[in-house]
Each structure stands twice: as structure tokens, then as C-alpha cells.
Amino acid sequence: MANSFGTLFRITTFGESHGVGIGVTIDGCPAGLAVDVAEIQAALDRRRPGQSDLTTPRKEADQVEVLSGLFGGMTTGTPIGLLIRNQDQASHDYSHIEHAYRPSHADYTYDQKYGRRDYRGGGRSSARETAARVAAGVIAQKFLAHYGIEVASYVSQVGAVAVPVSYEELDLGLIDSNPVRCPHPETAERMATLIRQTRDRHDTVGGIVTGVVRHVPTGLGEPVFDKLHAELGKAMLSINAVKGFEYGSGFAGTLLFGSEHNDQFYTNEADEVRTRTNHSGGIQGGISNGQDIYFRVAFKPVATILQPQQTINDQGEEISLAGKGRHDPCVLPRAVPIVDAMTSLVLADMILRARANKVGEVS
């Protein structure tokens with residue numbers, strides 16, 4: 001099931017970048033969930049191309065169509081089908097790579113795996129597929145809202161320009177206050193400047209998206225192979241251009257001694273078990289402990305650059321190749337809603353799985 005994700009709350013995406021459209025089916029969503037299509041559209045608008053001068057100028061309305069599974073503004077418990085038609089295709093922009101292997105793209109590996117490939121924008125390997133995930137993620141977020149779970153992510157670093165404080169010191173309500181989607185205004189301005197300078201050099205730049213989940217119930221995640229952090233890592237690493245994932249203290253935790261890193265338990269005034277620190281990132285033994293879950297996702301620079309590079313074609317001949325068409329100088333601003341969506345899909349699935357673990361509701 002290479003195009004599906006999730007166990008009980010399961011999605012399957014379909015479509016190509018320059019085909020008729022892209023879409024998703026969602027299976028396992030409980031009936032009776034109120035869903036406003038305008039909310040799905042709002043999330044897609046956060047991801048769509050052409051939304052600012054920091055993103056690709058490709059113009060796609062990304063208008064969502066509901067094919068099934070919703071009636072009277074409520075989920076019916078049957079598979080939900082969502083379709084987003086492609087409109088602003090410029091397939092001729094890719095005719096020059098019909099036989100070429102673009103550096104750091106999936107052209108060569110798709111050829112090796114399938115013996116053929118859709119070279120128009122990368123076909124199935126294009127990040128355009130993630131619009132379908134964003135649409136599905138809204139359904140998952142509506143389900144999480146019943147448990148009071150809040151999911152947010154933001155751009156915390158572009159190139160060497162990084163937010164100087166932790167998420168706890170930020171007002172996450174400011175995430176959409178600027179086109180970079182960074183809730184630290186001074187840093188956001190520096191990030192925007194760097195992205196514009198990179199674009200003007202016909203180059204690209206990478207960075208980091210930080211994800212935060214608050215009000216997480218205890219007990220989510222499986223103890224061995226489907227640990228919560230492992231599922232989150234799989235979800236994030238399935239996003240185009242992602243090269244790394246860390247949660248909690250991550251790699252920085254290796255610099256601490258155990259006496260510094262251990263999260264000590266206590267009981268708060270509301271008689272809830274909590275930890276005095278949260279180096280564990282809200283997950284211990286692969287299971288949520290009730291603290292905030294926080295993680296960082298590393299995105300590489302977009303592989304398509306409008307500069308000549310050396311490569312080969314499918315005949316093994318050396319050629320010079322420069323990117324054409326419309327591409328993001330930095331994928332980070334548009335990646336934020338994708339990280340939100342994948343986080344929500346993991347947690348929705350884990351809540352349904354937790355229901356089967358013991359008698360009673362998820363705590």
C-alpha cells in the first residue's frame with residue numbers, strides 16, 4: 001500500500017502534478033463529525049502556490065471538491081473522497097527533461113523502479129501530491145478537536161537564520177501574520193530577505209519547521225514498532241524534501257548527562273502527573289505522557305535551480321541542464337500546513353488505536 005498511510009484512520013492519495021488532478025480517500029473516520037468544506041479550503045490556501053512573492057508563481061486555486069462521505073455537513077462513517085483539479089499546468093516547461101536526470105530529483109530512481117516516469121513536474125514524485133494530505137489533515141484535525149488537542153507548526157529556521165527562542169516563548173497565534181509563517185516577527189523579516197536574495201540568485205535555500213502538539217492525552221502510541229515518535233518520524237520523512245526529524249531534546253540531548261536529561265515526575269495542583277522538564281518531547285517508551293509534543297523537521301533546499309548543472313540523460317550521456325518553469329526558492333512557508341496535516345493524521349490514527357487498548361475512553 002505504497003500510496004496509503006495510517007492503520008485505522010487511513011488515507012490513500014492519488015493523482016499527478018500535471019494530470020487531471022490530485023485527490024485523497026479517507027477511510028475510518030467516525031460518523032457524526034462536523035466538517036465545513038470552507039475549513040478544508042482555508043488549509044489548502046495556506047499550502048497553494050502563488051500565495052506570495054516568496055513562493056512559486058504557479059497559479060492554482062486548489063479548489064476542493066467533495067465526492068463522498070459527507071452529508072449535511074457531517075461525516076457519514078463511509079469513505080470520504082476529496083478531489084483537487086489541476087488548472088495551471090505548463091507541461092511544456094518540462095519537455096527538456098524528458099530524457100534527462102535532474103540532480104537530486106527522483107527521475108533516475110523512478111526510471112529504475114518502474115521502467116518509466118512522468119517527467120511533467122515529476123508526476124507522482126511532485127510535492128503537489130501533498131495538497132491531498134493537507135485536505136485530509138483538516139478532517140483529522142476536526143476529530144482531534146473533540147479531545148482538545150491543538151496542532152501547530154511554524155518556520156523556525158531558513159538557512160542560517162533561526163528563531164532565537166523556544167516555542168514556549170512564542171505567540172503561536174502569529175504564525176500566519178507574515179508570509180514566511182514564522183511567529184517571531186524580527187526573525188521572519190530576516191528570513192524573507194534571505195529567501196528573496198536566494199531567489200534573485202536563481203538558487204534555493206532550506207530550513208526547519210518546528211511542530212508543537214498541546215493538550216495531548218496520555219497513552220497514545222504503541223510500545224514496540226509503532227511508537228508515537230516513530231510514526232511521527234515516518235510521517236514527516238514522507239514529505240518531499242524532508243531530510244531529518246528529531247523530537248524532544250533530539251541530537252542536542254546527546255550533550256547532556258543522564259542526571260541533566262531525565263524528566264522527573266510530580267503531581268500538580270490538578271492532581272495530574274507531569275514532568276518538571278520535557279526533554280522527552282512528550283513521549284516516553286513510544287507512548288504520550290501528557291506533556292507537549294514538540295519536534296523539528298529539516299527540509300533541504302529545493303532541488304530545481306535555474307542554473308546550469310552537469311548531469312546525464314537516460315542514455316548515460318553527459319549533459320548540462322538548467323531548471324525551467326516556476327519553482328519555490330524556499331519550500332518552508334508552504335510546508336507548514338503539510339506538517340500540520342501529517343501530525344494530525346498520526347494522532348487521529350493513534351486515538352482510534354488507543355480505544356482498542358483498554359476499556360474506557362482515552363484519558
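Leaving aside neighbours within four places in sequence, which residues is alanine 34 in contact with? In this predicted model, in which local features need pLDDT of at least 70, side-chain atom pairs count only at pLDDT 80 or more, and totals for chains, interfaces and linings use all residues, alanine 34 is in contact with Gly73, Met74 and Lys142; contact means heavy atoms within 4.5 Å. Residues are numbered from 1 along each chain as its sequence is written, and side-chain values use heavy atoms, with hydrogens and water left out.

Alanine 34 lies in the loop between strand S3 (21-27) and helix H1. Helices (H or I, at least four residues) and strands (E, at least two) are DSSP runs, numbered from the N terminus. With a relative accessible area of 41%, alanine 34 is partly exposed, a class between buried (under 20%) and exposed (over 50%), for a 1.4 Å probe and protein chains only.

Helix H1 (residues 37-47) packs with helix H7 (residues 332-355): their axes come within 7 Å and cross at roughly 140 degrees. Axes are lines fitted to C-alpha atoms, for helices over the stretch in contact, and angles run from 0 to 180 degrees between N-to-C directions. H1 is therefore oblique to H7, since angles under 35 degrees count as roughly parallel, over 145 as roughly antiparallel, 65 to 115 as roughly perpendicular and the rest as oblique. On the H1 side, Ala43, Arg46 and Arg47 meet Pro333, Arg334, Val336, Pro337, Ile338 and Asp340 of H7.

Six aromatic pairs are present in the structure. Rings of Phe, Tyr and Trp (its six-membered ring) pair if their centres lie within 6.5 Å; planes under 30 degrees apart count as stacked, over 60 as edge-to-face and the rest as tilted. Phenylalanine 245 and phenylalanine 295 form a tilted pair, with 5.6 Å from centre to centre and 40 degrees between the planes. This pair links distant parts of the chain, 50 residues apart, with phenylalanine 245 in strand S11 (residues 242-247) and phenylalanine 295 in strand S16 (residues 293-299). Both phenylalanine 245 and phenylalanine 295 are buried. One aromatic cluster is formed by Phe9, Phe143 and Tyr147.

Glutamine 157 belongs to strand S8 (residues 150-158). Residues up to four places away in sequence not being counted, glutamine 157 touches Ala162, Met191, Gly206, Gly207, Ile208 and Leu332.
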